[in-house]
Amino acid sequence: MRSRMPFLARSRAPLAALAALSVLIVPAVVAAPAIAADNPAIVVNEVETAADWIELTNAGTESVDISGFQVRDSADDHIAVIPAGTTLAPGAFHTVDTNVGADGFGLGAADSARVFAADGTTLLDTHWWTAHPAPSSGRCPDGTGAFTTTVAASKNAANVCTMNPAEVVVVNEIESSDAGGDWVELFNTATVSVDVAGLRLLDNDDTHVYTVPADTSIAAGGYAVFTEADLGFGLGGADSVRLTDAAGTTIDTYSWTAHAGTTYGRCPNGVGEFAATAAPTKAGANDCAPPAASASIVVNEVESNGDDTDWVEVVNIGAEAVDLSGWLFRDNDATRVPWALPAGSTVAPGAFFVIDQASASNPIGFDFGLGNADEVHLFLPDGVTEVATYSWSVHAPSTSYGRCPDGTGAFASTTVTTKGAPNNCALPVVINEVESQPADGEDWVELVNVGTSAADASGLVIRDSENDHSYVVPAGTTIAPGAYFVADALGYGLGGADAVRLFAADGTTMLDEYSWTIHAAHTYGRCPDPKGAFESTTGATKGTQNLCEGVVIDEAWPGGTAVRVLDEEATFSGDLSGLDYEPSGSSAFGTLWAVQNGDGLLYKLVADGHGGWAPAATEGWAGGKTLRYPGGTGAVDAEGVTVAGDDSAGGVYVSSERDNDASSVSRPAVLRYDVSGTGSTLTATGEWNLAADFAGLGANAGLEGITWVPDADLLAGGFVDAVTGSAYDPADYPGHGGGLFFVGVEGTASVYAYALLAGGGFTRIATIATTFALVADVQWDADRGGLWIVCDEACDGRIAFAELEPEAGVFTTTRVFQRPSGMANIANEGFAVSDDAVCAGGVKPTFYADDADTDGFSLRSGTLPCEATGGPGGPGEPTPSLPATGGPGPVGDDELTDTTRGEVDAPDTAAPGATVTIFVGTRYAGDTVWVWLHSTPVSLGAHVVAADGTVTVTLPAGVAAGTHRLVVLDADGDVIGWTEIAVADALAATGSEFGRALGAAGTALAMVAAGAALLLVRRRAARA
């Protein structure tokens, strides 16, 4: 038996070593090395981290040949070498653009700039910082001074270290009635020290003049206080303070008509208008008491998904109007620059005010999105005093979170969104289908629960157009989320011109209604069910999903019900988005490509040999690679990824919504990357900006998914070019490569086929509409010859399958599948399917990327039946929880001895096709094992051992009756153990009481396993 050292125990020694090492290197971090007498005086002079460059200067008296000198950031493998023939004269500058080429590197928020001599070991100078300097960090004076935030970046020129005081110095606080003497406080709003010598202070008497003495300066963000003794005059009850330059030109002024009870000061400090302060704060930030009326502003409704834009609604619950002009709004990112509400943002008593996200049609708004787990914060203009806040852990399903009742109630999922209007907090039960002329039986009305929790429908009243026609829902009636209730004993009939009205239990509050003027051919129902408008259905569906023209009925996921976690906890920490699987060309696992939208990263993921997947550890892929636009600029909001021709050697293509450095501007683009290098940053070698085709598209509503479809497959399916109206001919689009790119657009909830041409040109070939609220990803399945179109938690995790109609030559949705029942409704923004080459036991793995990193995990796997052609297979087919792919082959029967039997155990008897639970041993919990059925070895798949030490397999339906052996192997192909199992004749087993009991037990175990799969098979970092 083997033993496994827990991760925590294994990691203690290296952690201890790192701790010891950190003690040794701290002095080097804290104190920059002095320039040694025998080393050239080449020093870091200025650093700019937006465009990523480091400027050097020669602080010596002689020219220095700096050929081969090295510039690095905090990583020793990030090296920029200065070209041969480069000489730096005394006082001259040389700038290194670090983020250029395949091996370029960016400069981080907490990073360093280091310069080494040509030997690569002699450190000449270093500069560390803990936050991005804006605009840059530079020595003042050049070459010898300390680093400070500059006034402006000055690449290859002297640092800009000073400012005109008239541009940055303000009168900040005034004391006019202190027994200890009056005083005036000035404030420097700049990020550098300012010389204020020669400035003049006056009151309202031109003969009262004070001139600031020579050698007087105010530090960055600092204060200078001049007392009555300094000024030589006092300040009156109706007076003023004027700040001028030496020539008498006014810089700043403030006048008052009566002494303040405290002082007069700018609120917020340094930038706001003057107001009476809460208390004097001489030489400190002003104490600005929030206006009393601000307490009446509360967050009332939050919409973070499923709409054109994200938005937050506030309401004024007070008796006075409140001016929100200049108030600051942000999400949970405290490092973000908050959005300032525009002038004129006044909220009357009882009124609603919407803080909206910017879009092409609404340019005035915040330029960031609200996440699946997020917060909103509203501050006074000082940026410190918080007025209102609300947080949530998951998007409101399809609607919003709102207070019920408005302004004062607790937050709950609303029935419908009500932007800028009173919240709809009614019971989330609506009329869904009406039958007024059945072929037989009574008329009936179907209700549906559109909420996320069970709804108590007891006492609800259903009436037609007559008030004395009432049906009362029986007491104790509960409708589960998404479930239906049918009232088919109304006690009255529904006419050809009639109505159905739904009232709350009080009999007067109307919840929903629908009226018609003629009997429907079948029924009237919501299309799509349950939130669409009413229309004539194509058939009555009493108690089930409505049949609507063009709407495909949901089916159970055709693969396994369970999903399992693939990544170690906290590997990605959120924002993982699109996925694409690149086959290996054999039965071994290939490569899984993934993108992360928050930081704009591309990941190369590989199987870890233990059932999980992790970033490749070589060629710089361990932490993902930062994506840049052509030219090395920007921060790519990477949402989708695909590999053309199943070969990344031809480039990896990424779909993006926008440049996160300009996040309020839509930039729906496809970017191509060469992934063959080892650098940590990838600069796009091509960009196709599709903005011209998507006028008005929101910045956060652009390209989500992307996939590549070979021309050969399109031609075989009879694909029609919407541009020409005839059969697609690849020759019409020279230079487009061997296939078309299909992109999923969130804001239009549609998929578009594009020919991407050389030089950035493009042509839209086709449009595929969906019934989803949005499209999160799109994947071409070459084995099935169709497109998987993915919606995230906004659609309860549904995935559609679209196939080419041979006669029409267009893609049409033929199937819509629910998410696997063992997976929660999480933010799956990425989906990929492996190829049939890795099939085992009739199934292959699927992959899901969870943008919200639920429970600390972002990558999960399910299964799908393997099929060379046709659709995704029939629903409900039993499958193993994980296919065996690239694992060990069967062992010989001579290895199955009493010595190798181990503690593996299983039921003594099972029927063909039965689900069997095998006990492997709790010591193997979390490990991947391979199960084989002997005598003639048949693979039953690879499985992750659950916490209770078990795996569940499905016996082949055609297995012969008789005694067989279940053999369990580890990743190395060694026998963990084996046990015998008697397969009964299928017909005999049907009539056996023992067989029925065993089948019931197996079903129960399978249900438990499916329901708890997400919990039990997580790959925790510490495991026995």
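**Disulfides, cores and strands in a predicted model**

Cysteine 267 and cysteine 288 form a disulfide, with their sulfur atoms 2.1 Å apart. The model is a predicted one.

Me: Which parts of the chain does the pair of cysteine 267 and cysteine 288 tie together, and how many residues apart in sequence are they?

Reply: Cysteine 267 belongs to strand E21 (residues 264-267). Cysteine 288 sits in the loop between strand E22 (273-276) and strand E23 (297-303). The pair therefore ties together parts whose separation in sequence is 21 residues.

Me: What is the hand of the link between cysteine 267 and cysteine 288?

Reply: The angle about the S-S bond is -90°. With that value, the link of cysteine 267 and cysteine 288 is left-handed.

Me: Is cysteine 288 buried or exposed?

Reply: A residue counts as buried under 20% relative accessible area. Cysteine 288 has a relative accessible area of 13%, so cysteine 288 is buried.

Me: How many disulfides does a search of the whole structure find?

Reply: The link of cysteine 267 and cysteine 288 is a disulfide, and so is that of cysteine 140 and cysteine 161, with sulfur atoms 1.9 Å apart. Cysteine 527 and cysteine 548 form another, at 2.0 Å. Over the whole structure, the number of disulfides found is five.

Me: Where do cysteine 140 and cysteine 161 lie, and how many residues apart in sequence are the parts that the pair ties together?

Reply: Cysteine 140 is in strand E10 (residues 137-140). Cysteine 161 is in the loop between strand E11 (146-149) and helix H2 (165-168), and cysteine 161 is buried at 17% relative accessible area. The link is left-handed, with -85° about the S-S bond. The parts tied together by cysteine 140 and cysteine 161 are apart in sequence by 21 residues.

Me: Why is the disulfide of cysteine 527 and cysteine 548 left-handed?

Reply: Both cysteine 527 and cysteine 548 are buried. Cysteine 527 lies in strand E43 (residues 524-527), and cysteine 548 in the loop between strand E44 (533-536) and strand E45 (554-555). The disulfide is left-handed because the torsion about its S-S bond is about -80°.

Me: How many residues does the hairpin that joins E43 to E44 pass through?

Reply: E43 and E44 run antiparallel and are joined by four bridges. Within this pairing, tyrosine 524 stands opposite serine 536 in E44. The hairpin connects E43 to E44 through five residues.

Me: Which residue in E24 is the bridge partner of valine 302?

Reply: E23 and strand E24 (residues 311-316) run antiparallel, joined by six bridges. In E24, the partner of valine 302 is valine 312.

Me: Which residues have the most contacts inside the largest nonpolar core?

Reply: The largest nonpolar core has 30 residues. Strands that each supply at least two residues of this core include E60 (739-745), E61 (750-756) and E66 (811-817). A second, separate core has 28 residues, among them Ile174, Val194, Val196 and Val241. In the largest core, the residues with the most contacts are Phe719, Phe742, Leu787, Ile789 and Phe811.

Me: Which residues are in contact with threonine 681, leaving aside its neighbours within four places in sequence?

Reply: Threonine 681 is found in strand E55 (residues 681-683). Its relative accessibility is 3%, so threonine 681 counts as buried. With neighbours within four places in sequence left aside, its contacts are Asn99, Ala102, Gly104, Phe105, Gly106, Thr626 and Arg628.

Me: What share of the contacts in the chain with a separation of 6 or more comes from residues 24 or more positions apart?

Reply: The chain has six helices and 76 strands. Buried residues make up 50% of its 1024 residues, and the chain exposes about 40,800 Å², of which carbon and sulfur atoms supply 54%. Among contacts with a separation of 6 or more, the share from residues 24 or more positions apart is 58%.

Note on methods: Residues numbered from 1 in each chain as written. Predicted model: local features only at pLDDT ≥ 70, side-chain atom pairs only at ≥ 80, totals over all residues. Heavy atoms only, no water. Core = buried A, V, L, I, M, F, W, Y, C linked by side-chain atoms within 4.5 Å. Buried < 20%, exposed > 50% of the residue type's maximum accessible area, 1.4 Å probe, protein only. Disulfide = S-S within 2.5 Å. Pairing = 2+ DSSP bridges. Contact = heavy atoms within 4.5 Å. Areas by Shrake-Rupley, 256 points an atom, 1.4 Å probe, with all protein chains shown as cover.
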